[in-house]
Amino acid sequence: MLDLFPHRIVCLTEETTEWLYLLGEEARIVGISGYTVRPRRARDEKPKVSAFLNAKIDKILALKPDCVFGFSDLQADIAALLIRAGVQVTVFNQRSVDEIFAMLYQVAAMVGQAEQGLKRLQKMRAQLDTIQNTAATFKRRPKVYFEEWDDPHISGIRWVSELIGIAGGDDCFPELAQMPMGKDRIIASGQTIVDRAPDIIIGSLCGKKFRPEKAAAREGWQNVPAVRNHQIFEIKSADILQPGPAALTDGVAQLHQIVKQWEAIYA
């Protein structure tokens, strides 16, 4: 029988690591990102070979991977170095909910788990449909400002904006969500956020904790509905800013819970 699937995979970001573990294919993983926290045991079991914008190329090559999985144009330089060294590299660039589903199916197929992967993805899609159907019954949809960084202010990326919609809210900056790069989602003035009067503020910062009390204390924000009504929350970046299983399950569930609680009080 032909052996068609990679046996030694390096995952440069967390979402492919989490997905391979969910598929029961973690034995194929020989290296992971140092930012990996899902699943927790991956950090104990797998060597860390990369950050996000840089990687230990020599260490990766020493692992003799059959394939390296990366994410986005931001890892293009890492990919180029590995390709020049003769390594097969697959870089995904998923930015929307549909693109996340497509990426997960492709990874499942690449390790011989297309059928199992499809079943899991169908279950995830059904859960999203259930959330969306519940949200359709809300009497009022809150305006949600999602903060991906605080200085400068950066609003949420496309899949986050879409998940806010599924959860029952409306993104305050839908036009910025279409921009794939964080630098293009910078909001130069906090007054612009104030003017859009979000009912809910959700922070999720990579590398540091979002503190609702600090957001509430920002100058000129006292009359923002979210501040006035104490509707400021944190969702950990690993649960929502990772374009993989986490965002489609735990991330959207947390968004929905926040919106549902708001709707019960303020609708």
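These notebook entries record what I looked up in one predicted structure.

**Entry 1. Ground rules**

I note that this is a predicted model, in which local features need pLDDT of at least 70 and side-chain atom pairs count only at pLDDT 80 or more, while totals for chains, interfaces and linings use all residues. Residues are numbered from 1 along each chain as its sequence is written, and side-chain values use heavy atoms, with hydrogens and water left out.

**Entry 2. Strands β4 and β5**

I began with the named elements, which are DSSP runs numbered from the N terminus (helices are H or I of at least four residues, strands are E of at least two). I looked up how strand β4, residues 67-71, relates to strand β5, residues 89-92. The two strands run parallel and are joined by four bridges; strands count as paired if DSSP finds at least two bridges between them. Within this pair, F71 stands opposite F92 of β5.

Where does R95 lie? I found R95 in the loop between β5 and α5, the latter spanning residues 97-110. R95 is buried, with a relative accessible area of 11%. For this term I used the following limits: buried is under 20% relative accessible area, exposed is over 50%, and partly exposed is in between (1.4 Å probe, protein chains only).

I listed the contacts of R95, contact meaning heavy atoms within 4.5 Å. Leaving out residues up to four places away in sequence, R95 touches F71, S72, D73, I157, R158, W159 and P180. With the side chain of D73, the side chain of R95 makes a polar contact of 2.9 Å. A polar contact is a pair of N or O atoms within 3.5 Å; within protein, one must be able to donate a hydrogen and the other to accept it, and residues adjacent in sequence count only if both atoms are side-chain atoms.

R95 and D73 also form a salt bridge, with their closest N and O atoms 2.9 Å apart. R95 is in the loop between β5 and α5 and D73 in the loop between β4 and α4, so the pair ties together parts that are 22 residues apart in sequence. D73 is partly exposed, at a relative accessible area of 38%.

**Entry 3. Salt bridges elsewhere**

How many salt bridges does the rule give? I recorded 19 salt bridges, where the rule asks for a side-chain nitrogen of Lys or Arg within 4 Å of a carboxyl oxygen of Asp or Glu. Side chains of opposite charge can pair when their charged atoms come close.

One of the salt bridges joins E18 and R38, whose closest N and O atoms are 2.9 Å apart. This pair links distant parts of the chain, 20 residues apart: E18 is in helix α1, residues 14-22, and R38 is in the loop between β2 (29-33) and α2 (42-45). E18 is buried at 8% relative accessibility, and R38 is buried with a relative accessible area of 15%.

I also looked up E26 and R41, whose side chains meet in a salt bridge of 3.2 Å, N to O. E26 is in the loop between α1 and β2 and R41 in the loop between β2 and α2, 15 residues apart. R41 is partly exposed, with a relative accessible area of 40%.

**Entry 4. Helix α1**

Eight of the nine residues of α1 are buried, so this helix is largely enclosed by the rest of the structure. Among them I noted E14, W19 and Y21. After α1 comes G24, whose phi is positive, near 75 degrees.

**Entry 5. Cysteines**

I found zero disulfides in the structure, a disulfide being a pair of cysteine sulfur atoms within 2.5 Å. C67 is in no disulfide, and the nearest cysteine sulfur, that of C11, is 8.7 Å away. C67 is buried at a relative accessible area of 0%, and C172 is buried at 7% relative accessibility.

**Entry 6. D150**

I placed D150 in strand β6, residues 143-150. D150 is partly exposed, with a relative accessible area of 23%. Which residues does D150 touch, not counting those up to four places away in sequence? D150 touches L205, K208 and R218. The side chains of D150 and K208 are joined by a polar contact of 3.1 Å.
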